Amino acid sequence: MNTIKAFKNAIVCLVLLPRFLMAAVMFWLLDFLCIRKRVFFRMKEQEGDAIDPPLCISDSNRLLSLESLKAVWHGHKLDFLKAAHLGQGAPNTEVVQLEDQRRGRILDYAKEQRPLILNFGSFVEQNADIADSVVVYIEEAHPSDGWMSTDAPYHIPEHRCLEDRLSAAQLMRLEAPGCRVVVDSMENSSNAAYGAYFDRLYIVQEGKIVYQGGRGPEGYRITELRDWLDQYRKNPFLSL
Ligand SMILES: *[C@@H]1O[C@H](CO)[C@@H](O)[C@H](O)[C@H]1NC(C)=O
């Protein structure tokens with residue numbers, strides 16, 4: 001059993017190593033301010049469409065550090081090992097409701113045939129006419145005692161217990177009142193099942209994953225989500 005586990009770990013490491021090294025080199029390059037400015041300027045020019053939250057990093061925020069590399073490795077690993085795949089059943093993981101701290105399951109929020117947007121991020125997109133949505137707050141992307149970001153709006157240390165996580169989610173909710181918010185369990189089962197770290201978008205319908213966004217922050221695209229919903233508005237039967 002242990003050999004199988006070690007073997008699996010070795011495979012994961014081998015697969016992830018090239019991506020990880022690429023990210024490390026990117027961080028290293030972006031720590032040269034002249035390069036950083038040029039890259040972000042280019043990205044801004046290409047974007048044009050301002051709906052997607054822009055990737056912006058201020059000058060004072062150093063990217064390459066032990067903590068940042070650990071976070072990147074963690075994100076790649078979760079993404080690689082996630083259970084959620086497009087067209088397959090949506091993992092029904094445990095979550096805790098923010099308002100009343102009731103434990104439930106993520107698919108409890110789905111209503112019959114209506115699409116359910118699982119938003120593992122903070123951007124609020126209301127499409128109440130055709131879909132329900134729930135914000136799932138997972139572990140902090142930039143905890144003040146981990147990969148600290150000078151751009152983060154709050155100083156939130158890594159959650160040690162569920163109460164920590166709930167009060168951090170409470171803070172976040174101030175920015176998005178009226179939005180249904182749940183938090184991941186302390187086993188981080190939703191984060192693991194959906195490969196949600198740093199942030200990510202999904203749409204689930206009738207228990208199946210019908211839209212799977214890319215790994216955030218680069219892959220966190222509200223425009224893609226909107227395109228899916230627009231298609232669905234035009235032809236609700238094509239999605240399944
Ligand atoms: C879940 O994530 C938190 C960070 O928010 C971490 O402290 C905790 O150890 C994780 N739990 C497990 C079981 O890995």
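Me: How many residues lie between β1 and β2 in their hairpin, and which turn residue has a positive phi?

Reply: Five residues lie between the two strands, and Gln101 in the turn has a positive phi of about 55 degrees. This is a predicted model: local features need pLDDT of at least 70, side-chain atom pairs count only at pLDDT 80 or more, and totals for chains, interfaces and linings use all residues. Residues are numbered from 1 along each chain as its sequence is written.

Me: What makes β1 and β2 a pair?

Reply: Strands are DSSP runs of E with at least two residues, helices are runs of H or I with at least four, and both are numbered from the N terminus. Two strands pair if DSSP finds at least two bridges between them. β1 and β2 have three, in the antiparallel sense, so they pair. Val95 stands opposite Gly104 in β2.

Me: How do you know that β1 also pairs with β5?

Reply: Three bridges join β1 to β5, and the two run antiparallel. Gln97 has Val182 in β5 as its bridge partner.

Me: Why is α1 called oblique to α3?

Reply: Their angle is about 140 degrees, with axes 10 Å apart. Axes are lines fitted to C-alpha atoms, for helices over the stretch in contact, and angles run from 0 to 180 degrees between N-to-C directions. Under 35 is roughly parallel, over 145 roughly antiparallel, 65 to 115 roughly perpendicular, and the rest oblique. That angle therefore makes α1 oblique to α3.

Me: What makes up the contact of α1 with α3, by class?

Reply: Eleven nonpolar, two polar and two charged residues. Ala, Val, Leu, Ile, Met, Phe, Trp, Tyr, Cys and Pro count as nonpolar, Asp, Glu, Lys and Arg as charged, and the others, Gly among them, as polar. Contact needs C-beta atoms, placed from the backbone, within 7 Å. Among the residues involved are Phe20 of α1 and Trp73 of α3.

Me: Which residues are around the ligand?

Reply: Glu139, Glu158, His159, Met186, Glu187 and Asn188. Each has its C-beta atom, placed from the backbone, within 6 Å of the ligand. By class, the shell has one nonpolar, two polar and three charged residues.

Technical notes
Two residues are in contact if their C-beta atoms, placed from the backbone, lie within 7 Å.
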